[in-house]
Amino acid sequence: MAEHEHAHEHAHVIRTDEEAVATAARLAAAFAAGAAERDARRILPHAELDELSRSGLLAITVPREHGGADVRADTLAEVYRLLAEADPSIAQIPQSHVVYLRVLAQQGDADQQKFFFAEALAGKRFGNAQSEAHTRHVQDYRTRLRPHRDGGYVLTGEKFYCTGALFAHWVPVLAQLDVPGEGDRLHVAYVPRDAPGLEIVDDWSGMGQRTTASGTVRLDDVRVPAERVVPHHLTFTGPQVHGAYAQLLHTAIDAGIAGGALREAAEFVRTKARPWFESGYDTAAEDPLLIQRFGELAITERSARALLAEAGRAVETARHALTDEAAAEASIAVAVAKTAADRAAIEITNALFEVSGTRSSLDGLNLHRHWRNARTHTLHDPVRWKVQHIGRHVLNGTPPPRHGVI
């Protein structure tokens, strides 16, 4: 990591939503060129993450009073969709970066916000150490913060699916802290990447999203000063868009995967696919059956994009006028968009082979990375539960639950 740790020194500061989208489009064009090779050879995108840091894209959610652009939620969604269309691993790596800056905006005190937002503006990257393997379910956390005699804490535990940690300057860790009179309460400890006792293991072996390096973080009596700990449990005591905000980014990644696969499929059919002999046409792109299928796929992809934008607007509305009703509407809008994007990503990455023919399955072309990425990323949280929450809301007016994945 040492050769990359100074990448933040010359970070640009983005000032407007329009600049954020334009910067994402420019970087996406550059990142797309090497995406297939990075996936095939599992070349971790250190250089690309440094470029993201220098560009200022990783600080676009910093509040304006702290010097950031504080872009709209729909702008943020479009930024991550563009990055994911180019390389969804690069888009997923900083997803937790955005989420844990959001935790600071909600629950950090003035000094914490001043310090960490300055770090983000300087291009520093925040990873995550959140999920744990071998527990009862995804929200069962065993990692613990224990008070230390110096007034700080000691952190112990083991985390998995730690996307972004290997590339990070700061590793936010979800941990339980025994609050007197309340029992265990969830907190976030912001730990420097080089803290003694913190070990990041590059052992991610998923079939897709291969270069996210979403491996293991081990915490062996890691000392954490009190000013680096934030009471995350307070996020869920009232109306919140924390879950909707986080899920909006996952939705953008799925929509981006769908878009990238559709565009690569069209390029393949235009330039490489042979027409089926029964069609009577000289090129595959003239085959009316393929034209029909591409029309259907385009409708699916554009529907996912439109729902993503609508969900972003709902989150933005709720973010600035936070009521129970607005928070519920935001969560439901994101759940609808996530379900549509999930289905679009799976359908289009699968149809890529259907429309492109046998040659498209050749390993050397690595077109199957689109399907592997879609199938892997859409496992992040099951949309069947989102459909349940949508149905209850529509039929009975039941608000969705308050947690971090809706």
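View 1. Helix α4 spans residues 73-86, 14 residues in total. From first C-alpha to last, α4 reaches 20 Å, close to the 20 Å expected at 1.5 Å a residue. The expected span is 1.5 Å times one less than the number of residues. Helices (H or I, at least four residues) and strands (E, at least two) are DSSP runs, numbered from the N terminus. The model is predicted: local features need pLDDT of at least 70, side-chain atom pairs count only at pLDDT 80 or more, and totals for chains, interfaces and linings use all residues. Residues are numbered from 1 along each chain as its sequence is written, and side-chain values use heavy atoms, with hydrogens and water left out. In α4, 12 of the 14 residues are buried, so the helix is largely enclosed by the rest of the structure. Buried means under 20% relative accessible area, exposed over 50%, partly exposed in between (1.4 Å probe, protein chains only). Among the buried residues are Asp74, Tyr80 and Arg81.

**View 2. The open sheet.** The sheet has 7 strands in the order β5-β6-β2-β1-β3-β4-β7, with mixed pairing. β5 (198-201) and β7 (229-230) stand at the edges, each with a single partner strand, so one side of each has no neighbour in the sheet. Two strands pair if DSSP finds at least two bridges between them. β2 (residues 153-159) and β6 (residues 216-224) pair in the antiparallel sense over 6 bridges.

**View 3. Strand β3 and its partners.** β3 is mostly covered, with 9 of its 10 residues buried. β1 (residues 144-147) pairs with β3 in the parallel sense, over 2 bridges. Leu145 stands opposite Leu177 in β3. β3 and β4 run antiparallel, joined by 10 bridges. Here Leu174 has Val188 in β4 as its bridge partner. β3 and β4 form a hairpin with 3 residues between them. Gly181 in the turn has a positive phi of about 85°.

**View 4. Tyr153 in strand β2.** Tyr153 is found in β2 and stands opposite Val224 in β6. The C-alpha atoms of Tyr153 and Val224 lie 5.1 Å apart, although the two are 71 residues apart in sequence. Tyr153 counts as buried at 18% relative accessibility. Leaving out residues up to four places away in sequence, Tyr153 touches Leu145, Pro147, His148 and Val229, among others. Contact means heavy atoms within 4.5 Å.

**View 5. Helices α6 and α7.** The two helices pack at an angle of about 155°, with their axes 10 Å apart. Axes are lines fitted to C-alpha atoms, for helices over the stretch in contact, and angles run from 0 to 180 degrees between N-to-C directions. α6 and α7 are therefore roughly antiparallel to each other. Angles under 35 degrees count as roughly parallel, over 145 as roughly antiparallel, 65 to 115 as roughly perpendicular and the rest as oblique. The crossing of α6 and α7 is left-handed, with the near helix turned anticlockwise from the far one by less than a right angle. Leu101, Leu104, Ala105 and Gln107 in α6 meet residues of α7 including Phe116 and Phe117.

**View 6. Helices α8 and α9.** The axes of α8 (residues 242-271) and α9 (residues 288-320) come within 10 Å and cross at roughly 160°. That makes α8 roughly antiparallel to α9. Their crossing is left-handed.
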